Amino acid sequence: WTCFMALISNSSSPLPSEFLLICFPGYQSWQHWLSLPLSLLFLLAMGANVTLLLTIRLEASLHEPMYYLLSILSLLDIVLCVTVIPKVLSIFWFDLRPISFSACFLQMYIMNSFLTMESCTFTVMAYDRYVAICKPLRYPTIITNQFVVKATMFIVARNALLTAPIPILSAQLHYCGDNIIKNCICTNLSVSILSCDDITFNRIYQFVTGWTLLGSDLILIILSYTFILRAVLRIKAEGAAAKALSTCGSHFILILFFSTILLVLVITNVARKKIPRDVPILLNILHHLIPPAMNPIVYGVRTKEIKQGIQKLLR
(Lines give C-alpha, C1' and ligand atoms only; values in the text may rest on other atoms or scores of the structure.)
Protein backbone atom coordinates (compact mmCIF):
# COMPACT_ATOMS: atom_id res chain seq x y z
CA TRP A 1 0.00 0.00 0.00
CA THR A 2 2.91 2.38 0.76
CA CYS A 3 4.38 1.69 -2.71
CA PHE A 4 0.93 2.17 -4.25
CA MET A 5 0.52 5.62 -2.61
CA ALA A 6 4.07 6.57 -3.61
CA LEU A 7 3.17 5.92 -7.26
CA ILE A 8 0.04 8.02 -6.89
CA SER A 9 1.89 10.91 -5.24
CA ASN A 10 4.34 11.08 -8.19
CA SER A 11 1.70 13.10 -10.05
CA SER A 12 2.94 16.60 -10.81
CA SER A 13 -0.52 18.14 -10.39
CA PRO A 14 -1.98 19.10 -7.00
CA LEU A 15 -4.24 16.37 -5.64
CA PRO A 16 -7.68 17.03 -4.13
CA SER A 17 -7.84 16.16 -0.44
CA GLU A 18 -11.22 14.43 -0.83
CA PHE A 19 -14.12 13.63 -3.13
CA LEU A 20 -17.86 13.84 -2.41
CA LEU A 21 -19.97 10.78 -3.23
CA ILE A 22 -23.49 11.67 -4.40
CA CYS A 23 -25.55 8.48 -4.44
CA PHE A 24 -28.50 8.34 -6.84
CA PRO A 25 -28.34 11.99 -7.96
CA GLY A 26 -31.81 11.74 -9.51
CA TYR A 27 -33.57 9.87 -6.68
CA GLN A 28 -32.01 10.87 -3.35
CA SER A 29 -35.41 10.50 -1.62
CA TRP A 30 -35.02 6.70 -2.13
CA GLN A 31 -31.98 6.43 0.05
CA HIS A 32 -33.50 5.83 3.49
CA TRP A 33 -35.93 3.25 2.08
CA LEU A 34 -33.20 1.51 0.10
CA SER A 35 -30.87 1.34 3.12
CA LEU A 36 -33.08 -1.26 4.88
CA PRO A 37 -32.90 -4.08 2.25
CA LEU A 38 -29.22 -3.26 1.58
CA SER A 39 -28.31 -3.48 5.28
CA LEU A 40 -30.24 -6.77 5.62
CA LEU A 41 -28.42 -8.19 2.58
CA PHE A 42 -25.10 -6.99 4.02
CA LEU A 43 -25.78 -8.71 7.37
CA LEU A 44 -26.86 -11.87 5.53
CA ALA A 45 -23.72 -11.87 3.37
CA MET A 46 -21.37 -11.30 6.32
CA GLY A 47 -23.14 -13.79 8.61
CA ALA A 48 -23.38 -16.52 5.96
CA ASN A 49 -19.75 -16.22 4.87
CA VAL A 50 -18.38 -16.09 8.43
CA THR A 51 -20.51 -19.16 9.32
CA LEU A 52 -19.20 -21.01 6.27
CA LEU A 53 -15.56 -20.15 7.09
CA LEU A 54 -15.98 -21.27 10.72
CA THR A 55 -17.68 -24.49 9.62
CA ILE A 56 -14.86 -25.37 7.20
CA ARG A 57 -12.25 -24.40 9.82
CA LEU A 58 -13.77 -26.46 12.66
CA GLU A 59 -15.07 -29.51 10.77
CA ALA A 60 -12.18 -31.90 10.06
CA SER A 61 -14.09 -33.71 7.29
CA LEU A 62 -14.16 -30.43 5.30
CA HIS A 63 -10.37 -30.03 5.29
CA GLU A 64 -10.17 -30.84 1.59
CA PRO A 65 -9.05 -28.79 -1.46
CA MET A 66 -12.61 -28.24 -2.74
CA TYR A 67 -13.67 -26.62 0.54
CA TYR A 68 -10.44 -24.61 0.81
CA LEU A 69 -11.29 -23.07 -2.58
CA LEU A 70 -14.76 -22.27 -1.25
CA SER A 71 -13.09 -20.58 1.75
CA ILE A 72 -11.06 -18.39 -0.61
CA LEU A 73 -14.29 -17.39 -2.37
CA SER A 74 -15.88 -16.48 0.98
CA LEU A 75 -12.87 -14.37 2.02
CA LEU A 76 -13.00 -12.47 -1.28
CA ASP A 77 -16.75 -11.87 -0.82
CA ILE A 78 -16.23 -10.55 2.71
CA VAL A 79 -13.50 -8.11 1.59
CA LEU A 80 -15.63 -6.85 -1.34
CA CYS A 81 -18.65 -6.32 0.95
CA VAL A 82 -16.66 -4.51 3.65
CA THR A 83 -14.92 -2.31 1.06
CA VAL A 84 -18.14 -1.03 -0.51
CA ILE A 85 -21.28 -1.45 1.61
CA PRO A 86 -20.41 0.27 4.96
CA LYS A 87 -19.52 3.48 3.09
CA VAL A 88 -22.75 3.30 1.06
CA LEU A 89 -24.82 2.82 4.24
CA SER A 90 -23.00 5.68 6.00
CA ILE A 91 -24.02 7.96 3.11
CA PHE A 92 -27.64 6.78 3.33
CA TRP A 93 -27.93 7.02 7.13
CA PHE A 94 -25.59 9.83 8.19
CA ASP A 95 -24.99 11.77 4.95
CA LEU A 96 -21.22 11.07 5.24
CA ARG A 97 -20.44 11.85 1.60
CA PRO A 98 -16.73 12.83 1.80
CA ILE A 99 -14.12 10.17 1.00
CA SER A 100 -10.41 10.94 1.13
CA PHE A 101 -8.33 10.85 -2.05
CA SER A 102 -6.29 7.82 -0.95
CA ALA A 103 -9.36 5.92 0.38
CA CYS A 104 -11.18 6.46 -2.92
CA PHE A 105 -8.37 4.95 -5.00
CA LEU A 106 -7.80 2.14 -2.50
CA GLN A 107 -11.51 1.27 -2.82
CA MET A 108 -11.18 1.38 -6.62
CA TYR A 109 -8.18 -0.96 -6.51
CA ILE A 110 -9.80 -3.49 -4.17
CA MET A 111 -13.01 -3.58 -6.23
CA ASN A 112 -11.15 -4.16 -9.51
CA SER A 113 -8.63 -6.68 -8.19
CA PHE A 114 -10.95 -8.70 -5.93
CA LEU A 115 -13.69 -8.90 -8.57
CA THR A 116 -11.24 -10.50 -11.01
CA MET A 117 -9.80 -12.68 -8.21
CA GLU A 118 -13.34 -14.02 -7.63
CA SER A 119 -13.72 -14.78 -11.33
CA CYS A 120 -10.35 -16.57 -11.32
CA THR A 121 -11.39 -18.58 -8.23
CA PHE A 122 -14.49 -19.78 -10.09
CA THR A 123 -12.18 -20.94 -12.90
CA VAL A 124 -10.01 -22.95 -10.49
CA MET A 125 -13.16 -24.45 -8.93
CA ALA A 126 -14.37 -25.42 -12.43
CA TYR A 127 -11.04 -27.16 -13.04
CA ASP A 128 -11.43 -28.96 -9.70
CA ARG A 129 -14.85 -30.30 -10.80
CA TYR A 130 -13.44 -31.22 -14.23
CA VAL A 131 -10.70 -33.37 -12.66
CA ALA A 132 -13.16 -34.89 -10.15
CA ILE A 133 -15.52 -36.09 -12.90
CA CYS A 134 -13.30 -36.57 -15.96
CA LYS A 135 -10.21 -37.95 -14.17
CA PRO A 136 -11.53 -39.30 -10.86
CA LEU A 137 -8.67 -41.79 -10.28
CA ARG A 138 -6.08 -39.03 -10.61
CA TYR A 139 -8.02 -36.49 -8.54
CA PRO A 140 -6.16 -37.11 -5.21
CA THR A 141 -2.79 -36.65 -6.90
CA ILE A 142 -3.73 -33.56 -8.99
CA ILE A 143 -5.98 -31.57 -6.62
CA THR A 144 -3.86 -31.46 -3.47
CA ASN A 145 -3.35 -28.89 -0.72
CA GLN A 146 -0.19 -27.83 -2.54
CA PHE A 147 -2.27 -27.25 -5.69
CA VAL A 148 -4.60 -24.97 -3.69
CA VAL A 149 -1.63 -22.96 -2.36
CA LYS A 150 -0.17 -22.52 -5.87
CA ALA A 151 -3.60 -21.65 -7.30
CA THR A 152 -4.13 -19.04 -4.55
CA MET A 153 -0.74 -17.46 -5.26
CA PHE A 154 -1.59 -17.33 -8.98
CA ILE A 155 -5.05 -15.83 -8.33
CA VAL A 156 -3.62 -13.06 -6.13
CA ALA A 157 -0.54 -12.29 -8.27
CA ARG A 158 -2.30 -12.23 -11.66
CA ASN A 159 -5.17 -10.00 -10.64
CA ALA A 160 -3.38 -7.76 -8.13
CA LEU A 161 -0.65 -6.88 -10.63
CA LEU A 162 -2.75 -6.46 -13.78
CA THR A 163 -5.43 -4.28 -12.13
CA ALA A 164 -2.98 -2.06 -10.18
CA PRO A 165 -2.43 0.39 -13.10
CA ILE A 166 -6.17 1.26 -13.18
CA PRO A 167 -6.26 3.34 -9.93
CA ILE A 168 -2.67 4.55 -10.48
CA LEU A 169 -3.53 5.95 -13.93
CA SER A 170 -6.71 7.51 -12.57
CA ALA A 171 -4.93 9.04 -9.55
CA GLN A 172 -2.26 10.67 -11.71
CA LEU A 173 -4.80 12.63 -13.73
CA HIS A 174 -5.11 16.39 -13.18
CA TYR A 175 -8.26 17.14 -11.12
CA CYS A 176 -8.72 20.85 -11.67
CA GLY A 177 -12.35 21.50 -10.81
CA ASP A 178 -15.36 19.50 -9.65
CA ASN A 179 -14.73 16.86 -6.94
CA ILE A 180 -18.32 15.50 -6.83
CA ILE A 181 -18.55 11.81 -7.83
CA LYS A 182 -22.04 10.98 -9.07
CA ASN A 183 -21.92 7.46 -7.69
CA CYS A 184 -22.01 5.64 -4.34
CA ILE A 185 -18.57 4.12 -4.91
CA CYS A 186 -15.27 5.14 -6.51
CA THR A 187 -15.46 3.41 -9.86
CA ASN A 188 -12.73 4.28 -12.37
CA LEU A 189 -15.07 5.95 -14.87
CA SER A 190 -17.00 7.94 -12.24
CA VAL A 191 -13.76 9.40 -10.85
CA SER A 192 -11.69 9.86 -14.01
CA ILE A 193 -14.39 11.89 -15.83
CA LEU A 194 -13.83 14.62 -13.20
CA SER A 195 -10.34 15.15 -14.59
CA CYS A 196 -9.36 17.82 -17.12
CA ASP A 197 -7.02 15.38 -18.90
CA ASP A 198 -7.65 12.98 -21.77
CA ILE A 199 -8.77 9.69 -20.18
CA THR A 200 -8.78 7.60 -23.38
CA PHE A 201 -5.79 5.46 -22.36
CA ASN A 202 -7.26 4.99 -18.87
CA ARG A 203 -10.54 3.70 -20.36
CA ILE A 204 -8.83 1.48 -22.92
CA TYR A 205 -6.56 -0.11 -20.28
CA GLN A 206 -9.50 -0.93 -17.99
CA PHE A 207 -11.58 -2.26 -20.89
CA VAL A 208 -8.80 -4.47 -22.28
CA THR A 209 -7.66 -5.71 -18.85
CA GLY A 210 -11.20 -6.39 -17.63
CA TRP A 211 -12.27 -8.31 -20.72
CA THR A 212 -8.96 -10.19 -20.93
CA LEU A 213 -9.13 -11.38 -17.31
CA LEU A 214 -12.88 -12.01 -17.08
CA GLY A 215 -13.14 -13.24 -20.68
CA SER A 216 -10.32 -15.78 -20.35
CA ASP A 217 -11.87 -17.06 -17.10
CA LEU A 218 -15.27 -17.43 -18.75
CA ILE A 219 -13.81 -19.34 -21.72
CA LEU A 220 -11.96 -21.75 -19.39
CA ILE A 221 -15.11 -22.28 -17.29
CA ILE A 222 -17.17 -23.04 -20.43
CA LEU A 223 -14.49 -25.47 -21.65
CA SER A 224 -14.41 -27.24 -18.27
CA TYR A 225 -18.19 -27.68 -18.21
CA THR A 226 -18.24 -28.80 -21.85
CA PHE A 227 -15.81 -31.62 -20.99
CA ILE A 228 -17.77 -32.40 -17.81
CA LEU A 229 -21.08 -32.62 -19.70
CA ARG A 230 -19.52 -34.83 -22.39
CA ALA A 231 -18.09 -37.17 -19.71
CA VAL A 232 -21.39 -37.31 -17.83
CA LEU A 233 -23.37 -38.20 -20.96
CA ARG A 234 -21.08 -41.22 -21.48
CA ILE A 235 -21.80 -42.63 -18.02
CA LYS A 236 -23.98 -45.72 -18.37
CA ALA A 237 -24.50 -46.64 -14.69
CA GLU A 238 -27.98 -45.82 -13.38
CA GLY A 239 -28.02 -42.64 -11.24
CA ALA A 240 -24.30 -42.02 -11.69
CA ALA A 241 -24.81 -39.18 -14.19
CA ALA A 242 -27.25 -37.38 -11.89
CA LYS A 243 -24.85 -37.75 -8.95
CA ALA A 244 -21.95 -36.42 -11.03
CA LEU A 245 -23.97 -33.42 -12.16
CA SER A 246 -25.20 -32.68 -8.62
CA THR A 247 -21.59 -32.23 -7.47
CA CYS A 248 -21.25 -29.44 -10.07
CA GLY A 249 -24.69 -27.93 -9.45
CA SER A 250 -23.74 -25.59 -6.60
CA HIS A 251 -20.70 -24.27 -8.41
CA PHE A 252 -22.66 -23.74 -11.64
CA ILE A 253 -25.39 -21.79 -9.78
CA LEU A 254 -22.76 -19.50 -8.21
CA ILE A 255 -21.23 -18.79 -11.63
CA LEU A 256 -24.71 -17.91 -12.97
CA PHE A 257 -25.28 -15.45 -10.07
CA PHE A 258 -21.90 -13.84 -10.64
CA SER A 259 -21.96 -13.68 -14.45
CA THR A 260 -25.65 -12.73 -14.84
CA ILE A 261 -25.41 -9.68 -12.57
CA LEU A 262 -22.10 -8.70 -14.18
CA LEU A 263 -23.64 -9.05 -17.66
CA VAL A 264 -26.67 -6.93 -16.72
CA LEU A 265 -24.31 -4.30 -15.27
CA VAL A 266 -22.26 -4.22 -18.49
CA ILE A 267 -25.40 -3.94 -20.66
CA THR A 268 -26.83 -1.08 -18.58
CA ASN A 269 -23.52 0.79 -18.76
CA VAL A 270 -23.42 0.35 -22.55
CA ALA A 271 -27.00 1.62 -22.81
CA ARG A 272 -26.33 4.41 -20.29
CA LYS A 273 -28.04 7.09 -22.42
CA LYS A 274 -31.28 5.11 -22.70
CA ILE A 275 -31.80 4.33 -18.99
CA PRO A 276 -31.70 6.44 -15.80
CA ARG A 277 -28.13 6.92 -14.53
CA ASP A 278 -29.12 5.56 -11.11
CA VAL A 279 -29.84 2.05 -12.46
CA PRO A 280 -26.16 1.12 -13.13
CA ILE A 281 -25.24 2.58 -9.71
CA LEU A 282 -27.79 0.34 -7.96
CA LEU A 283 -26.73 -2.72 -9.98
CA ASN A 284 -23.08 -2.07 -9.08
CA ILE A 285 -23.97 -2.04 -5.39
CA LEU A 286 -26.10 -5.19 -5.71
CA HIS A 287 -23.23 -6.94 -7.51
CA HIS A 288 -21.20 -6.50 -4.30
CA LEU A 289 -24.08 -7.90 -2.20
CA ILE A 290 -26.15 -10.57 -3.96
CA PRO A 291 -23.37 -13.04 -4.97
CA PRO A 292 -21.67 -12.79 -1.52
CA ALA A 293 -25.03 -13.39 0.18
CA MET A 294 -26.03 -16.28 -2.11
CA ASN A 295 -22.71 -18.15 -2.46
CA PRO A 296 -22.53 -19.69 1.05
CA ILE A 297 -26.30 -20.29 1.16
CA VAL A 298 -26.27 -22.25 -2.12
CA TYR A 299 -23.35 -24.41 -0.95
CA GLY A 300 -24.87 -24.79 2.52
CA VAL A 301 -28.21 -25.97 1.14
CA ARG A 302 -26.88 -28.22 -1.65
CA THR A 303 -23.82 -29.80 0.01
CA LYS A 304 -24.62 -32.42 2.64
CA GLU A 305 -21.22 -32.23 4.37
CA ILE A 306 -21.42 -28.43 4.77
CA LYS A 307 -25.04 -28.63 5.94
CA GLN A 308 -24.07 -31.17 8.61
CA GLY A 309 -21.06 -29.06 9.62
CA ILE A 310 -23.23 -25.95 10.05
CA GLN A 311 -25.74 -27.90 12.14
CA LYS A 312 -22.90 -29.09 14.41
CA LEU A 313 -21.55 -25.54 14.66
CA LEU A 314 -24.97 -24.13 15.60
CA ARG A 315 -25.48 -26.83 18.22
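Modeller: A disulfide, as the word is used here, is a pair of cysteine sulfur atoms within 2.5 Å. The model is predicted, with local features needing pLDDT of at least 70 and side-chain atom pairs counting only at pLDDT 80 or more, while totals for chains, interfaces and linings use all residues. Residues are numbered from 1 along each chain as its sequence is written, and side-chain values use heavy atoms, with hydrogens and water left out.

Biologist: OK, how many disulfides does the structure hold?

Modeller: There are three disulfides, and if the bonded cysteines are numbered in sequence order, they pair as 1-4, 2-5 and 3-6.

Biologist: What about Cys176 and Cys196, how far is S to S?

Modeller: The sulfur atoms of Cys176 and Cys196 lie 1.3 Å from each other, and the torsion about their S-S bond is about -55 degrees, so this disulfide is left-handed. Cys176 sits in the loop between helix H7 (165–171) and S3, whereas Cys196 sits in the loop between H8 and helix H9 (200–234), 20 residues apart. Helices (H or I, at least four residues) and strands (E, at least two) are DSSP runs, numbered from the N terminus.

Biologist: And why does Cys176 count as partly exposed?

Modeller: Because its relative accessible area is 45%, and buried means under 20%, exposed over 50% and partly exposed in between, with a 1.4 Å probe and protein chains only. Cys196 is also partly exposed, with a relative accessible area of 45%.

Biologist: Next pair, then: where are Cys23 and Cys184 in the chain?

Modeller: Cys23 is in the loop between S1 and helix H2 (31–58), and Cys184 is in the loop between S3 and helix H8 (188–192), so that the pair, 161 residues apart, links distant parts of the chain. Their sulfur atoms are 2.2 Å apart, and both Cys23 and Cys184 are buried.

Biologist: Are Cys104 and Cys186 buried or exposed?

Modeller: Both Cys104 and Cys186 are buried, and they form a disulfide with sulfur atoms 2.1 Å apart. The S-S torsion of Cys104 and Cys186 is about -120 degrees, so this disulfide is left-handed. Since Cys104 belongs to helix H4 and Cys186 to the loop between S3 and H8, the pair ties together parts that are 82 residues apart in sequence.

Biologist: Switching topic, in what order do the strands come in the sheet?

Modeller: The open sheet has three strands in the order S2-S1-S3, with mixed pairing, where two strands pair if DSSP finds at least two bridges between them. Strand S2 (98–100) and strand S3 (180–181) stand at the edges with a single partner strand each, so one side of each has no neighbour in the sheet.

Biologist: In which sense do S1 and S3 pair?

Modeller: Strand S1 (residues 18–21) and S3 pair in the parallel sense over two bridges, and the bridge partner of Leu20 in S3 is Ile180. Helix H4 (residues 101–134) packs on the sheet, touching S1, S2 and S3, with contact meaning heavy atoms within 4.5 Å.

Biologist: Last one: at what angle do helix H12 and helix H13 pack?

Modeller: Helix H12 (residues 290–302) and helix H13 (residues 304–314) pack at about 100 degrees, their axes 5 Å apart; axes are lines fitted to C-alpha atoms, for helices over the stretch in contact, and angles run from 0 to 180 degrees between N-to-C directions. Tyr299, Gly300, Val301 and Arg302 in H12 meet Lys304, Ile306, Lys307 and Ile310 in H13.
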